[in-house]
Every structure is written in structure tokens, then in C-alpha cells.
There are 2 protein chains.
Amino acid sequence: MNNFASFADLRAVCLDLPSGHPAASAAVAQRENVLTKPPQSLGRLEDLTAFLAHWQGHAPPQLDRVDILVFAGNHGVTRQGVSAYPAEVTVQMVANFASGGAAINQLARTGGAKLNVIPLSLAEPTEDFTAAPALSESDFIAAVKTGFDAVPRDADLVALGEMGIGNTTSAAALAAALFGGGGARWAGRGTGVDDDGLARKRDVIDRALARHASLLDDPLRVAAAFGGRELAAILGATLAARRYGIPVLLDGFVCTAAVAPLYKLRTDTLAHALAGHVSAEAGHRALLDELRLKPLLDLNMRLGEASGAAVAVLVLRAALACHVGMATFTQAGVSDAR
Amino acid sequence: MNNFASFADLRAVCLDLPSGHPAASAAVAQRENVLTKPPQSLGRLEDLTAFLAHWQGHAPPQLDRVDILVFAGNHGVTRQGVSAYPAEVTVQMVANFASGGAAINQLARTGGAKLNVIPLSLAEPTEDFTAAPALSESDFIAAVKTGFDAVPRDADLVALGEMGIGNTTSAAALAAALFGGGGARWAGRGTGVDDDGLARKRDVIDRALARHASLLDDPLRVAAAFGGRELAAILGATLAARRYGIPVLLDGFVCTAAVAPLYKLRTDTLAHALAGHVSAEAGHRALLDELRLKPLLDLNMRLGEASGAAVAVLVLRAALACHVGMATFTQAGVSDAR
């Protein structure tokens, strides 16, 4: 499964993924049509249930085990003054996750989900990508494997998120490398930089794009050059979920940027992933458009740590509850449309 | 409280409503700023918690008791062939609510809410409003009172919804009467009429507007002339909630049209109400714009029966869970912004 040791191996994994189960989604759609409501009147909730069935491979789908995986990493590019917070906050927030004090702890509990926080070599930040690739091939592959191995085979859904001071700069550079437009298109305020900080982020991104111009046509090399370990892990977890028939809920800008290289390799690679929300971070909406993902929620959130995906879990639970619990027209003695 | 017996009495009630509690919302905002996240990074979730506190009058707010009230009514205008379903479906769906088979039963359970279904004289449809006002003054006031009395004083939140074959025509006529634009602007497909049915709806609305031209400048008379009993009850429940300091979650097009006369009387009258979602029914987005309401969700739903509002309850629970459960920067030992 995860026996990849190089960019080439990983590319082969990405290009050989299982497809979904049309019979399962068709069975869901068939039942939806006889439930006591006008056809399609639950809108996206009906689509979501069919989506879950399509990737889980059974109808009805289930959400008995929902795992939220939050990967944390540190970024050499923080030395360029791109964040409103000092780099040590990554470690401090991982401790906060462990003691239950972060937003994601509350949201995981609300959504009946299991939270697993996976720090990746926090004492070893990536290289400053204005000077060198953020990660070597072997470090990148190792982080991808960590993400791959973090996905429990028996999960019904995984929601992915991240924590890493500096990582909106990493994500913006990654998006710029894959889709063009430079720092002006993709840099946002992240945790809250001021105008000067934003100008620095744009400049950092543009310098990095020039520095790594020779590798921009290879999505996995782009992921290693600009992305941190937590982004690589999200990419790996997304592949593992596909391999195991587990639908994926993506979180915000960083999480979406982390999987964008998969889409560039082959658009179908993200077919099992949903955008939990569109965040307030500047580039997220444009990135979702590039990936043809329609977010479930638009609540002006921009926290990361899987918080938007965790709120979206609630919508999936609502969808499944209707599908499983509703009576049919016949059962309820309700007249169908004339 | 509910000692109103005429349009004039009711207007007086509408113009003498309690205001909110700025100290409570300010206390919420103050705490949000010291929780372990960048300021405002939970976006709308933070606003929602402050909103709940503002109307409940205490910080933190609570959601221990959430009531979903679904009002059901029948409409004389169905004789004009404006619905895809026969009128007896209203009664059949009320039975389905009672036996737990409808979407709202599943969604209420998912949201930890108490569901209360209130049928209003289902054996006595309103008048066909192309020929006469749908409700007399006394019948309208009686339905408003039923809604008013259905709100439990100790609820922390009420979500409002409706069931009534034919009522999207009623709602569209009401919206047209209040905001202009005729059937062309406001009629939609409701439970799913075809092109001919949609044309009939538009024509019915335009004929009714001409028929009742003399009362279009009085929002409460408009509500009686076009709205059914379930719409009047939603209006009454919204007033009771304001009186008792209970925030309101509105559902879709019909529910929103039901409270639109309050906004026309005085815009502040709906200040304690949130739009749970924007539905797929044609006129809903325009109506929310008229009322300056920004929906929480956009999931292409168009079922009614409070289903969209019930999904939005989940978002409010997520917001409150973060606010109450998160650690502060000091508690967690996390460095604040530089």
C-alpha cells in the first residue's frame, strides 16, 4: 500500500487508485425518491448521502466512525516574517489540542468524531523555500507516509486539517506554482498579518517561484519544494482514504492546497473528497474553483485545524439521518405527486 | 402579552418590542478575543454566539432547550391547480410528523431539538385568495395567537417551519404584495410544478394582487389576505419569541414570507431572527435580500417543515461549543500575536 520511496513511486500510486461504487450511490438515489418529500427537495443532503455510499461502497452509507486528523508542521519560511504569530505557537497549539482547549476539540465532540493530532518533526522546521526546496525527496515521502499511515482502515469518513505557523505562505506558494498568478493572486492574511506582512508574503512567494522555476511542471516536486510536512501528510492521508474506500472532508486553504498536486496529476484523484467549507483566507475560493470543488459551508472561518471540516461533519450527519430514518410514501400513507 | 384582538392591537404589539442586551453580546466578544485562535478566525460562529447572547440576555448564551415549531395549514388557492400534490397531503404529512417518519423528525433528533407540530384548522382551508381575502381579521388574529402561544417561555432558541400544500403560492403572493414585482418575480416551482403549473401560479398571484390592490399598503392586512394560518402562526411565534428573549431561526421561503410583514412594519422587528438557510425555491434569495438577512446555509434544500432551520441548529451548537469549551491563551500557555 504505502511502499513508495520516491516521487516516481508516489506518482504511480496516484495514477492507480480504485474507482467508486455506482451501484451503491444508485441505491441511495432510488430510496431518496420514495421518501416522504418532493423529489430532490433535500437538495445537497441527498447528493451527500449518495456520495458517501459511492465511496464507501455500500447503501446506506454509515458514519459510525468519523476521524479528524490534524497534522502539524513547522516552516523555515517563518524567518521571512510572514506570520502574525511566532513559530513556537505550533508546538503550543499541539499541547492545547492534547489538553482539549482548542476549537477543534469542541467541534470534534460536537460532531461525534475522534480527534487525532499528528505532529511532524516540529523541532526540525522545513527549509526556507526562498532559498532551497522546503523538503528533500526523502523527507517529503516520509511525511506523505506518516499521513498515509494515520488513516484508520475502518473509518467511515476522515476530516483533514493542519496546524503550522507560516503555512498559509507555503500553501499560497504551492497554489501559485500549480495554477499561476503569483503572490498577488494567492497570498492572504493568514492568522492576521498587516499590510506590510501581506506584502512580504507576496514577495516571498514570487521569489520562491523564481527560485524553483525548473520544477514547476512536476506537481509532486512542487509539493515538496513549497509544502510543509503537514501538507505532505494531508496528501498521503487523502491517498490512503481513497485506497480504503473512505470519503474525505477537506478543511480550508492550506488543506486544499495540500491536495491540489493530486488534482494536477489527475483530476479524478480528488473525486472522493469534499470541500467542507470555503474559508475567509483570500485564495481559498479561487483554489476550490480550480479544483472544481463546491464547498458545503461558507461561514467566514479561517482557523484551520480542521475546524471548517468538523462543522461540515454535522451536515453529513444530518443528511444520513434523513436518508436512513425517513418513512417512504407507502409506509406513511402519504399521496405521491399527482 | 397576547391580548390583541385586531389588526390595530397587533400593530401596537409589533411596535413595542423589547430590544436586545448589548452587554451580553459584548461579554461574548471579549471572551472570543482571548480564546486560543487568531481574532475573528471562527468567523460567523463568533457572531452567532454573540447574537444568541444579545437576545437571550446572558453570556455565555445557552442552547439547552431548542424547540422546533412546525405549523400546518390548508389553502383554498389549491383549487387553482398550483401544487404538484393534492391538498390532503397536508393532513397526511402531519400524521407522518406524529409517527416520526418525516425529514424534520430525523433532523430534530440530530440537532437535539424538541419537535412540536401544530395543525391549524386543517379541515377548513383558507379562502381562495384570488376571490376573497384568505383569512378574515378574526381568523388571522386567532392563528397569530396560536403561534404566539406555541412558544415555550423557557426555550433558548426556536426554529420555525411550516407544512401546507399550496403555501408557496401564498408566500409568493405575500412577497409580491410587500415588495413588488408580481408573480414573475416571486413564483417558484414549490414541491415541483411543471411549466404550466408555474405559469398558473404567476397568473394566480397577479390576479390576486389586482383583487386586493386596496390593502397593499397595510402589511398585516396583506398577511391576512394572502397568507395561510400557518404563516400567521409563524408571525405570532416570532413576536412571542422576541417578547420572551428567545432568538429565532427561520426556515425557507414560506417561513421567511410569513415574517416579512413584521419587517415592513418596522425593520427592527426581525432583529432577533436568523435565516437558517437559503432554499432552492425561486424567490427565497431575493426575499432574504429584501429583509437584509444573510442565510447560514446554502444547501439547495426546498422541503420546508423547518428542515433548513434544523440543520442550522447544528451550526449554532458548534459555535456555542467553541465559545464555552475553548481555553484562553493564558490557560493554554499559548503565545498571543506578536
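Which exposed residues does the face of helix α2 of chain B carry where it is turned away from the buried side of the helix? In this predicted model, that face of α2(B) carries B:Pro22, B:Ala23 and B:Gln30, which are exposed. The buried residues of the helix, which spans residues 22-32, are B:Ala24, B:Ser25, B:Val28 and B:Glu32. These four lie on the same side of α2(B), because they cover an arc of only 95 degrees around the axis.

The buried residues are B:Pro219, B:Leu220, B:Val222, B:Ala223, B:Ala224, B:Ala225 and B:Phe226. What covers them includes the chain B helices α1 (7-14), α6 (137-149) and α7 (167-179), together with α9 (195-211), α11 (229-244) and α12 (253-265).

Helix α1 of chain B also holds B:Cys14, a residue that is buried, with a relative accessible area of 1%. When its neighbours within four places in sequence are left aside, B:Cys14 is in contact with B:Leu239, B:Leu262, B:Leu265 and B:Thr269. The C-alpha atom of B:Cys14 is separated by 18 Å from that of B:Gly227, a residue that lies 213 residues apart from B:Cys14 along the chain.

Attention now turns to the strands. In chain A, five strands form an open sheet with parallel pairing, in the order β2-β1-β3-β4-β5. The edges of this sheet are taken by β2 (114-119) and β5 (273-275) of chain A, each of which has a single partner strand, so that one side of each is left without a neighbour in the sheet. From one strand to the next, the twist averages 25 degrees. Within the chain A sheet, strand β3 (residues 157-163) and strand β4 (residues 248-250) pair in the parallel sense over two bridges, and A:Ala159 stands opposite A:Leu249 in β4(A).

In chain B, strand β3 (residues 157-163) is joined by seven bridges to strand β1 (residues 66-72), and the two strands run parallel. One bridge of β3(B) sets B:Leu157 as the partner of B:Val66. Strand β3(B) also pairs in the parallel sense with strand β4 (residues 248-250) of chain B, over two bridges, and the bridge partner of B:Ala159 in β4(B) is B:Leu249.

How many of the seven residues of β3(B) are buried? Seven of the seven are, and the strand is therefore largely enclosed by the rest of the structure. The side chains can be sorted by direction: B:Leu157, B:Ala159, B:Gly161 and B:Met163 point one way from β3(B), whereas B:Val158, B:Leu160 and B:Glu162 point the other way, and all of these residues are buried.

In chain A, a cis peptide bond joins A:Ala59 and A:Pro60, with an omega of about -5 degrees, and A:Pro60 has its place in the loop between α3 (44-56) and β1 (66-72) of that chain. In chain B, the peptide bond from B:Ala59 to B:Pro60 is cis, with omega near -5 degrees, and B:Pro60 lies in the loop between α3 and β1 of chain B.

Two residues of chain B have a positive phi although neither is a glycine: for B:Asn300 the angle is about 65 degrees, and for B:Glu305 it is about 50 degrees. B:Asn300 is found in the loop between α13 (284-290) and α14 of chain B, and the place of B:Glu305 is likewise in the loop between α13 and α14. B:Asn300 is partly exposed, with a relative accessible area of 47%, whereas B:Glu305 is buried, with a relative accessible area of 1%.

The last topic is the contact of the two chains. The size of an interface is often given as the accessible area lost when the parts come together. Between chain B and chain A the buried area is about 4300 Å², and carbon and sulfur atoms give 63% of it. The contact takes 52 residues from chain B and 52 residues from chain A, while zero salt bridges are found across this interface by the rule applied.

Technical notes
Residues are numbered from 1 along each chain as its sequence is written. Chains are lettered from A and ligands numbered from 1 in the order in which they are written. This is a predicted model: local features need pLDDT of at least 70, side-chain atom pairs count only at pLDDT 80 or more; totals for chains, interfaces and linings use all residues. Side-chain values use heavy atoms; hydrogens and water are left out. Buried means under 20% relative accessible area, exposed over 50%, partly exposed in between (1.4 Å probe, protein chains only). The arc is that of the directions from the helix axis to the C-beta atoms. Two strands pair if DSSP finds at least two bridges between them. Axes are lines fitted to C-alpha atoms, for helices over the stretch in contact, and angles run from 0 to 180 degrees between N-to-C directions. Contact means heavy atoms within 4.5 Å. Buried area is the accessible area (1.4 Å probe) that two parts lose on being put together, summed over both. A salt bridge is a side-chain nitrogen of Lys or Arg within 4 Å of a carboxyl oxygen of Asp or Glu.
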